[in-house]
Amino acid sequence: MIGIASDHAAFPLKEFVKQYLEEKGLEYKDYGTFSSDSCNYADYGHALARGIENGEVEKGIAMCGSGEGISMTLNKHQSIRAGLCWIPEIAHLIRQHNDANVLVMPGRFIDNDMARKIMDEYLTTPFEGGRHQFRVDSIPLKGIMR
């Protein structure tokens, strides 16, 4: 199960993402927004992050106008590793090296064809593990840094 979330600026892209997932036969849960009316990306980013944290969904695809705001929101959650991608090569690396559990795309800066290529790469690339596992394990805060 894949969770999806967007703000108003990326609402058209989110609707395309739903179509793409349906074509692939993948189940999804839509955490909103549900229209192109102006809204706060953080509300939907936090909802998606909580969905991953509580096991409702395994991975996520999120988007806002630039991809930055919703990415920042998602990454406030200790168990989330959200990566912003605008080309497939970055999607490959966030999975292979960072075990990203949320793909973030910039709704105002990519078209549907590019989004499809990015999602194809994200959804088919496994985490490499090995030397990258230590780095991924080091991401969550484990107390106060001095």
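Predicted model: local features only at pLDDT ≥ 70, side-chain atom pairs only at ≥ 80, totals over all residues.

Visitor: Which residues is lysine 59 in contact with, leaving aside its neighbours within four places in sequence?

Guide: With those neighbours set aside, lysine 59 is in contact with Met1, Ile2, Gly3, Ile52, Arg95, Asn101 and Tyr122.

Visitor: Is serine 71 buried or exposed?

Guide: Serine 71 is buried, its relative accessible area being 8%. This serine lies in helix H3, and, if residues up to four places away in sequence are not counted, serine 71 touches Ala82 and Val104.

Visitor: Now to charged pairs: how many salt bridges does a search of the whole structure find?

Guide: The general idea is that side chains of opposite charge can pair when their charged atoms come close. In this structure the search finds 11 salt bridges. One of them joins glutamate 15 to lysine 18, with the closest N and O atoms 3.2 Å apart. Both residues lie in helix H1, where they are three residues apart, about one turn of the helix. Glutamate 15 is partly exposed at 31% relative accessible area, whereas lysine 18, at 17%, counts as buried.

Visitor: Which parts of the chain does the salt bridge of glutamate 56 with lysine 29 link?

Guide: In that salt bridge the closest N and O atoms are 3.6 Å apart. The pair links distant parts of the chain, 27 residues apart, with glutamate 56 in the loop between helix H2 (41-53) and strand S3 (59-64) and lysine 29 in strand S2 (residues 28-30). Both partners are partly exposed, glutamate 56 with a relative accessible area of 40% and lysine 29 with one of 36%.

A further salt bridge, with an N to O distance of 3.4 Å, brings together the side chains of aspartate 99 and arginine 81. This pair too links distant parts of the chain, 18 residues apart: aspartate 99 is in the loop between helix H4 (88-96) and strand S5 (102-106), and arginine 81 is in the loop between helix H3 (68-74) and strand S4 (82-84). Where salt bridges share partners, they join Lys14, Glu15, Lys18 and Asp30 into one network.

Visitor: Finally, how do helix H1 and helix H5 pack?

Guide: For two helices, one reads the angle, the distance and then the residues in contact. Helix H1 (residues 11-23) and helix H5 (residues 112-124) pack at an angle of about 50°, their axes being 11 Å apart, and they are therefore oblique to each other. The crossing in which H1 passes H5 is right-handed. From H1 the contact draws on Leu13, Phe16, Val17, Tyr20, Leu21 and Glu23, and from H5 on Asn112, Ala115, Arg116, Met119, Asp120 and Leu123. By residue class, the contact of H1 with H5 comprises eight nonpolar, one polar and three charged residues.

Key: Residues numbered from 1 in each chain as written. Heavy atoms only, no water. Axes fitted to C-alpha atoms, helices over the stretch in contact; angles between N-to-C directions. Helix = DSSP H or I, 4+ residues; strand = E, 2+ residues; numbered from the N terminus. Parallel < 35°, antiparallel > 145°, perpendicular 65-115°, else oblique. Left-handed = near helix turned anticlockwise from the far one by under 90°. Contact = heavy atoms within 4.5 Å. Nonpolar A, V, L, I, M, F, W, Y, C, P; charged D, E, K, R; others polar. Salt bridge = Lys/Arg side-chain N within 4 Å of Asp/Glu carboxyl O. Buried < 20%, exposed > 50% of the residue type's maximum accessible area, 1.4 Å probe, protein only.
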